[in-house]
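Work through the exercises below with the sequence and coordinates open. Each task is followed by a stepwise solution.

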Amino acid sequence: MGNSSEIVSFVLSAYGNIGELKYLYFIIILVWYLSICVANTVLIVVIRVNRRLHEPMYILLCNLCVNEINISTSLYPLLLSQMFSDRHEVTVPWCFLQMCFMYTSAPAEFCSLAAMSYDRYISICHPLRYNVIMNTERVFLLILLVWLYSFLSFIFPFSFIFSLKFCGNIIHNAYCDHQLIIRLSCAVPIQSFISNISFLLLSVFIPFSLISVTYMKILRVCRKTSKENKQKAVTTCTPQIISVSNLFVGCIFYFIDFKFLVSQVPDEVRIILPMYFLIFQPMLTPFMYGFKLPKIRQSYQRFLFERK
């Protein structure tokens, strides 16, 4: 990695000169990051200590919470470390490491939700075969496949970045964005366009298509079932539908090129909106599932208020 470029560090220009506001920003970011970690950890612990929740759906939910902590950790420690920096520099290896964690966690989010939608599909459409199909071994195999696929969906499209030669080192963002890093290369290769399309296809389009197909099948089955079964399906599927919708909005914000709207959009908005998915999704997950799923809501109450 050190031989890939004469440039040894990148400068994150989005921070600018924030002056005394850096203390306020630091506190806000730190509190938000700790809140994400605590909320997701509490949900994992609640599922772990309650044997009634040792079911495939909740095991997959634990995996999703682990990913929320992982994707937050790929972003917030760097933001916090840059608050009190004057130069806002990040070494090339650390920048590539952040990019690797961040762009592996993003497809893992979609793939985890795809795995959870498949679980709901089997539960609602094939209830008599559910315990056979979604046994513990297959659930953990499914989680392993989620992470393996997520890593390959990053490393396959972006492996060429590690060998690029850079003629600039200023990244106009608050973190190491692969699209901006590619623009700093001395000659933007055709692989950059192919990699963007490949990453979008592998990390977003394929998992989102699987989620859409499973929920269309669930909807078709629910139309023929009793009102009670419909209500049960809505209760268990609502958090996932909201999560997928929120992710879709975040992807739109990320892939919009705000450079064409420089005069209309403030700098703060152009920086924050592409990070919408990274900021709000990790906090949405524990609260949505904690409040919407009755078993978890009851377990929350026992865990937080009835322990002596």
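**Exercise 1. Confidence**

What pLDDT does the chain average, and what percentage of the residues score at least 70?

Solution. The model is predicted. Step 1: the average pLDDT of the chain is 84. Step 2: 92% of the residues score at least 70. Step 3: by element, the highest mean pLDDT, 94, belongs to helix α2 (residues 56-73), and the lowest, 73, to helix α10 (residues 267-272). Step 4: over residues 1-5 pLDDT stays under 50, and the model has 13 contacts beyond four places in sequence for this stretch.

**Exercise 2. Overall dimensions**

Compare the radius of gyration of the chain with that of a compact globule of 308 residues.

Solution. Step 1: the chain contains 12 helices and 3 strands. Step 2: its C-alpha trace spans about 65 × 50 × 40 Å along the principal axes. Step 3: a compact globule with 308 residues would have a radius of gyration near 19 Å; the value for the chain is 21 Å, which agrees.

**Exercise 3. A helix pair**

Describe how helix α4 (residues 92-125) packs with helix α11 (residues 276-292).

Solution. Step 1: the helices pack at an angle of about 30 degrees, and their axes are 12 Å apart. Step 2: angles under 35 degrees count as roughly parallel, so α4 and α11 are roughly parallel to each other. Step 3: the crossing in which α4 passes α11 is left-handed. Step 4: α4 makes the contact through M102, A106, E109, L113 and M116, and α11 through F277, L278, Q281, T285 and Y289. Step 5: sorted by class, the contact of α4 with α11 has 7 nonpolar, 2 polar and 1 charged residues.

Note on methods: Residues are numbered from 1 along each chain as its sequence is written. This is a predicted model: local features need pLDDT of at least 70, side-chain atom pairs count only at pLDDT 80 or more; totals for chains, interfaces and linings use all residues. Side-chain values use heavy atoms; hydrogens and water are left out. Axes are lines fitted to C-alpha atoms, for helices over the stretch in contact, and angles run from 0 to 180 degrees between N-to-C directions. Helices (H or I, at least four residues) and strands (E, at least two) are DSSP runs, numbered from the N terminus. Angles under 35 degrees count as roughly parallel, over 145 as roughly antiparallel, 65 to 115 as roughly perpendicular and the rest as oblique. A crossing is left-handed if the near helix is turned anticlockwise from the far one by less than a right angle, and right-handed if clockwise. Contact means heavy atoms within 4.5 Å. Ala, Val, Leu, Ile, Met, Phe, Trp, Tyr, Cys and Pro count as nonpolar, Asp, Glu, Lys and Arg as charged, and the others, Gly among them, as polar. pLDDT is the predictor's confidence in each residue, from 0 to 100. The radius of gyration is taken over C-alpha atoms; the globule rule is 2.2 Å times the number of residues to the power 0.38.
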